[in-house]
Amino acid sequence: MAHQILVTGGAGYIGSHTTLALLEAGFEVIVLDNLCNSSAESLRRVKLICGKAPTFIHGDIRDRILIDKVFAENKISAVLHFAGLKAVGESVREPLDYYDNNVTGSVTLCQAMSQAGVYTLVFSSSATVYGEPLQMPISEEFPTGVPTNPYGRSKLMVEELLQDLAKSDPRWSIALLRYFNPVGAHPSGMIGEDPNGLPNNLLPYVSQVAIGKLKELSVFGDDYPTQDGTGVRDYIHVQDLAEGHMSALRAIVQKTGVDIWNLGTGTGYSVLEMIRAFEKASDRTVAYQVVERRSGDIAECWADPSKAAHELEWKAKNSLEAMMNDTWRWQVNNPNGYVND
């Protein structure tokens, strides 16, 4: 029988692309998602792309009775854990929601896994756990910092509880994947990032300005110590990120304990470089204005991805041009995201 993988938050942006990659690799996939910031339409389209569908369960990782039932009724060998809230600004306004969903949800999930005898877990973490590093690029050897918002702190708390869990029980095999800035969409243009309301991330905002949904982009500060004064980030194609999860899953099945890998490209691009690259891909002008810096933003942040290259034989393959072209194709095909069918 094929290995069954439980993907929490599998209808979301990164979850749906990883679900597709798992199905294409021959895994059976069970997606658990409460659809609070995702759409079941993404999974319907996953099936259209690859001809196979995951089993979908509409539910919440905090629902222990439901999760116990999912483990009891299936032969799950590993969990990929994406479910969580992820908007930095919202986390500042609604910290309890973030700690409840991201931290309590992870505790409940791990309790159910332990009871079911499933000890293999890949956790969707974030480069925000490094706080404000003193130098670039960021390697996994760097100490975790003090994340500047409740979203980042919730990710760090889950990392710490997973490390404590692995120390307490040697059967656990856990990967902590620290993403940098996921962008792009599947090359088919059928699945991509579909933010609720105003986008929180740069590229969806830029693409909505380009297509005329939003008037202009606010660039938060042009007085950083970077080449053009705007913030520099490591943008990684969501397809590369999905492959990174596959590589991490294959690696941790062979061993126990906790492994940490950065998933990034190792190259930083400034906000203005991103705007120019998107204008080229879309052949549209992106209107923007420079406004004051946001509190909590750091000047630059990019990965040292050499550990993942060495240990997972994984590296990001997609160019900046591919990220832009795929984002634009998704935006043109789906001007209103998943709701306009």
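Predicted model: local features only at pLDDT ≥ 70, side-chain atom pairs only at ≥ 80, totals over all residues.
Residues are numbered from 1 along each chain as its sequence is written, and side-chain values use heavy atoms, with hydrogens and water left out.

**Cores**

In soluble globular proteins, nonpolar side chains tend to be buried together. Here, the largest nonpolar core has 39 residues, and Val7, Leu22, Leu80, Leu177 and Trp261 have the most contacts inside it. (A nonpolar core is a set of buried Ala, Val, Leu, Ile, Met, Phe, Trp, Tyr and Cys residues joined through side-chain atoms within 4.5 Å; buried means under 20% relative accessible area, exposed over 50%, and partly exposed in between, using a 1.4 Å probe and protein chains only.) Helix α8 (residues 238-252) supplies the largest share of this core, eight residues. Helices (H or I, at least four residues) and strands (E, at least two) are DSSP runs, numbered from the N terminus.

Leaving aside neighbours within four places in sequence, the contacts of Trp261 include Leu176, Leu177, Ala248, Ala251, Ile252 and Leu312. Charged partners are on the list too, among them Glu140, Arg178, Lys307 and Glu311. Contact means heavy atoms within 4.5 Å. Another core, of 28 residues, lies apart from the largest one and has Val79, Ala112, Trp172 and Leu176 among its members.

**Helix pairs**

Two packed helices are described by the angle between their axes and the distance between the axes. Axes are lines fitted to C-alpha atoms, for helices over the stretch in contact, and angles run from 0 to 180 degrees between N-to-C directions.

| Pair | Axes come within | Crossing angle |
|---|---|---|
| α7 (residues 202-210) and α9 (residues 271-282) | 11 Å | roughly 45° |
| α5 (residues 95-116) and α6 (residues 150-168) | 9 Å | roughly 20° |

Angles under 35 degrees count as roughly parallel, over 145 as roughly antiparallel, 65 to 115 as roughly perpendicular and the rest as oblique. That makes α7 oblique to α9, while α5 and α6 are roughly parallel to each other.

Between α7 and α9, the touching residues include Leu203 and Val206 of α7 and Met274 and Phe278 of α9. That contact splits into eight nonpolar, two polar and no charged residues. (Ala, Val, Leu, Ile, Met, Phe, Trp, Tyr, Cys and Pro count as nonpolar, Asp, Glu, Lys and Arg as charged, and the others, Gly among them, as polar.) For α5 and α6, residues including Tyr98, Asn102 and Val103 of α5 meet residues including Arg153, Met157 and Leu161 of α6. The tally there is 13 nonpolar, three polar and one charged.

Back to α7: nine of its nine residues are buried, so α7 is largely enclosed by the rest of the structure. The cover over those residues includes β7 (181-183), β8 (217-220), β10 (235-237), α9 and α11 (320-333). Just after α7, Gly212 takes a positive phi of about 95°.

The peptide bond from Met136 to Pro137 is cis, with omega near -10°, and Pro137 is in the loop between β5 (120-126) and α6.

Leu35, in the loop between β2 (28-33) and α2 (41-50), is not a glycine but has a positive phi near 60°. Leu35 is partly exposed, with a relative accessible area of 24%. Asp283, also not a glycine, has a positive phi of about 55°. Asp283 sits in the loop between α9 and β13 (288-291) and counts as exposed at 71% relative accessibility.
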